[in-house]
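Please read them alongside the coordinates.

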Amino acid sequence: MLRQEVEQRGVIPFSRFMEVALYCPKLGYYERGAGQVGRHGDFHTNVSVGGVFGELLAWQFAEWLEALGPGPLHLVEAGAHDGQLAHDILNWLAVHRPALLGRVVYWLIEPSVDRQNYQRLKLKDFSHFTAWSSGWKEIPQCRLRGVIFSNELLDAFPVHRLAWNKMVRRWEEWGVGIEKDHFVWRPMADAADWTMRLVEAGFELPIELLEVLSDGFVLELSPPAAEWWSAAARSLEAGKLMTIDYGFTSLEFLDPGRAAGTLRSYHRHHLQPDVLANPGGQDITAHVNFTALERAGQRAGLRTEEWVDQPRFLMRIASGAIHAGMTGLRGGAGEGARGRQLQTLTHPEHLGRAFRVLVQGRA
């Protein structure tokens, strides 16, 4: 499919290549069913570490939900993968906050019909509390009161790959062509002006910086990620909008050590040398621009309440949860499997190194 499209058009935007490689029905990387996550897959996630991650989120969500007062409430998870995180959260609520759970509808936003089916099977015991939507347009017209969240979702949104051309002093988009039956990087023929998109994403680059920016410096731009965040923010009448992912502020993207950009591809836990090779057979990700998300939320009327790394976020929750009576979370010697899970989630040599948390809210 990709070869045919490239042959017809000559060069296609990388965002289109990434979209097809990851999400093409039946063939895309995330459409091939289970098996990508965990020891025998291509990468580890917070959820694959064990149930503690979901338990901590459930405790925090319960605190946020109860603060909204009486009436119906919503939990909305986007990109629920196989439904394991939803299961962990719902199970904790059923055991520890059953009255609260009785007021909650847990929405899963999932455009893939196949993945919806996996999730329904995983969550069959919670069918009275769950509902599905393929996108924001199918969410009930009533404004949401509760928590909208994603975990390791936005890094897989398609990106445009821009490179600074020092000679002509402009950002140029690089797309995907084909040469000798291999996909290769090619400049896009059109001369689109990316200035406004870059400014919206937080890249207000002064002349002085552009003068010293190295030729070929790469930035990835994901308008769909900011648009998704904006749609979520507009849907929230009261509560929190939260994401956990790896990424940077716009200023951090400009570090000279990141001149080649953040686009990466993984297979069997190994970084792959060619992002364009084996489409549909390897993961493709790019770091999230949290500045773009924060600005999108603020334009929709949300207030930034928390912007921290994952260790601080989870340890703050764990401290409150332990004080409230949850056990086995201290992570010290002899604390058992749940403590070791928390260590993995927060230790800088494991998942604690890369992930960050953005929380915005509306009272």
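**Notes on the predicted model**

1. Of the 363 residues in the protein chain, 54% count as buried, where buried means under 20% relative accessible area, exposed means over 50%, and partly exposed lies in between (1.4 Å probe, protein chains only). This is a predicted model, in which local features need pLDDT of at least 70 and side-chain atom pairs count only at pLDDT 80 or more, while totals for chains, interfaces and linings use all residues. Residues are numbered from 1 along each chain as its sequence is written, and side-chain values use heavy atoms, with hydrogens and water left out.

2. The secondary structure of the protein chain amounts to 14 helices and 16 strands; helices (H or I, at least four residues) and strands (E, at least two) are DSSP runs, numbered from the N terminus. The radius of gyration is 21 Å, close to the 21 Å that the globule rule gives for 363 residues, so the chain is as compact as a globular protein of that length. That radius is taken over C-alpha atoms, and the globule rule is 2.2 Å times the number of residues to the power 0.38. Along its principal axes, the C-alpha trace spans about 60 × 50 × 45 Å.

3. Contact means heavy atoms within 4.5 Å. Among contacts between residues at least 6 apart in sequence, 76% join residues at least 24 apart.

4. The accessible surface of the protein chain is about 16900 Å², and carbon and sulfur atoms account for 54% of it. Areas come from the Shrake-Rupley method with a 1.4 Å probe; for residues, only the protein chains shown count as cover. The chain has 38 positive and 42 negative charges, and their mean positions are 3 Å apart. Lys and Arg count as positive and Asp and Glu as negative, with His and the chain ends not counted; each charge is placed at NZ of Lys, CZ of Arg, CG of Asp or CD of Glu.

5. Which residues of the largest nonpolar core touch the most other members? They are L57, F61, L75, I89, M242 and F313, in a core of 44 residues. Helix α4 (residues 52-66) supplies the largest share of this core, 10 residues. Apart from it lies another core of 27 residues, among them W136, L153, L241 and L358. A nonpolar core here is a set of buried Ala, Val, Leu, Ile, Met, Phe, Trp, Tyr and Cys residues joined through side-chain atoms within 4.5 Å. In soluble globular proteins, nonpolar side chains tend to be buried together.

6. With neighbours within four places in sequence left aside, L75 is in contact with F61, L65, I89, L93, V104, V105, Y106, W107 and V147.

7. F53 is also placed in helix α4. F53 counts as buried, at 0% relative accessibility. Leaving aside neighbours within four places in sequence, F53 contacts N46, V47, L85, N151, I244, Q310, L314 and L345. F53 and Q341 are 288 residues apart along the chain, yet their C-alpha atoms are separated by 8.0 Å.

8. Is D88 buried or exposed? D88 is buried, with a relative accessible area of 14%, and has its place in helix α5 (residues 84-96). Not counting residues up to four places away in sequence, D88 touches G50, G51 and G54. D88 and A337 are 249 residues apart in sequence and 16 Å apart, C-alpha to C-alpha.

9. R169 has a positive phi of about 55° although it is not a glycine; R169 is found in the loop between β6 (160-165) and β7 (170-179) and is partly exposed, at 41% relative accessible area. D181 has a positive phi of about 70°, again without being a glycine. D181 is found in the loop between β7 and β8 (182-187) and is exposed, at 52%. Most residues other than glycine have a negative phi.

10. R303 has its place in strand β15 (residues 303-309) and is exposed, with a relative accessible area of 55%. Residues up to four places away in sequence not counted, R303 touches V359, Q360 and G361.

11. P25 is found in the loop between α2 (14-23) and α3 (46-49). P25 is exposed, with a relative accessible area of 61%. From P25 to V76 is 51 residues in sequence and 24 Å in space, C-alpha to C-alpha.
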